Amino acid sequence: MFLVGLTGGMASGKSTVSSMLRELGCPIIDADVVARKAVVEPHTPAYSRIVYHFGPEILLENGEIDRQKLGQLIFSSEEKRKLLNSITHPEIHKAMLKEILFYFLRGYRYVVLDVPLLFETRRLTQFLNHTVVVYCDPATQLSRLMQRDGVTQEQAEQRVAAQMPLNEKRGLANHVIENSGSREDTHKQVLRLHTKLEDSMDFLLVRVIAIAATAGLSGILLYAAKILLS
């Protein structure tokens with residue numbers, strides 16, 4: 001099994017592309033969903049540390065973390081943003097690894113990791129065979145963000161500035177989905193990407209390496225696998 005990293009920027013359309021891939025049958029592990037379910041739930045270690053550092057004022061009446069309040073704090077302070085990431089990211093990666101193993105044991109050829117800060121943290125990139133960025137032009141991104149979150153242009157610009165520019169992410173990715181246009185156009189690009197992933201032989205190379213490592217013959221078989229796939 002090989003891994004595919006999917007990322008983008010705020011309101012660039014990453015969630016839309018992720019949903020399209022899921023509809024095509026691709027297994028998706030969403031870092032945001034993992035964070036909500038397994039990392040920042042009340043009484044987890046990460047939850048306790050977040051409340052300790054950011055105070056009880058970030059909590060809702062039911063004890064859950066108010067993501068909007070926490071977001072306002074971290075988007076206005078790089079120091080607080082780094083602190084939150086240092087608390088949550090290791091726990092998120094552990095939980096994602098468990099899900100990756102689940103799909104591996106079920107025999108999937110690849111898994112898509114939906115990670116907003118994929119290139120910012122760089123902790124997962126070394127394990128990925130493919131990276132995909134969902135891109136849209138800056139004006140479209142700001143407009144969508146203001147409409148989606150009900151924020152002012154200044155607030156939207158502040159949030160976008162807190163992440164790596166999409167142009168920079170686009171230069172780091174193996175594949176780019178251009179999402180400035182219509183949904184139909186985006187869907188066509190997703191279909192092409194899906195075909196490339198389905199036709200990829202990367203999973204075969206990964207399995208050959210795994211078998212070789214188990215047998216103690218990794219060097220010879222890796223060389224043979226490369227020849228076969230060239």
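Student: Leaving aside its neighbours within four places in sequence, which residues is Met164 in contact with?

Tutor: A word on the model comes before the answer. This is a predicted model, in which local features need pLDDT of at least 70 and side-chain atom pairs count only at pLDDT 80 or more, while totals for chains, interfaces and linings use all residues. Residues are numbered from 1 along each chain as its sequence is written, and side-chain values use heavy atoms, with hydrogens and water left out.

Now to your residue. Once neighbours within four places in sequence are set aside, Met164 is in contact with Phe119, Glu120, Lys169 and Leu172; contact means heavy atoms within 4.5 Å. Met164 is found in the loop between helix H8 (153–161) and helix H9 (166–172). Helices here are DSSP runs (H or I, at least four residues), numbered from the N terminus. With 15% relative accessibility, Met164 counts as buried, where buried means under 20% relative accessible area, exposed over 50%, and partly exposed in between (1.4 Å probe, protein chains only). Gly9 is 155 residues away along the chain, yet the C-alpha atoms of Met164 and Gly9 are separated by 8.0 Å.

Let's go on to the charged pairs. Side chains of opposite charge can pair when their charged atoms come close. A salt bridge is a side-chain nitrogen of Lys or Arg within 4 Å of a carboxyl oxygen of Asp or Glu, and the structure holds seven salt bridges. One of them joins Asp149 and Arg159, at 3.1 Å from N to O. This pair links distant parts of the chain, with Asp149 in helix H7 (residues 138–149) and Arg159 in helix H8, 10 residues apart. Asp149 is partly exposed at 31% relative accessible area, whereas Arg159 is buried at 15%. Arg148 belongs to the picture too: Arg148, Asp149 and Arg159 are linked in a network of salt bridges.

Another salt bridge pairs Lys82 with Glu78, whose closest N and O atoms are 3.4 Å apart. Both residues lie in helix H5, four residues apart, about one turn of the helix. Lys82 is exposed at 54% relative accessibility, and Glu78 is partly exposed at 48%.

Helix H5 (residues 78–105) is also the place of His89. His89 is buried, with a relative accessible area of 11%, and beyond its neighbours within four places in sequence, His89 is in contact with Leu117, Thr121 and Arg123.

How values were computed
Helix = DSSP H or I, 4+ residues; strand = E, 2+ residues; numbered from the N terminus.
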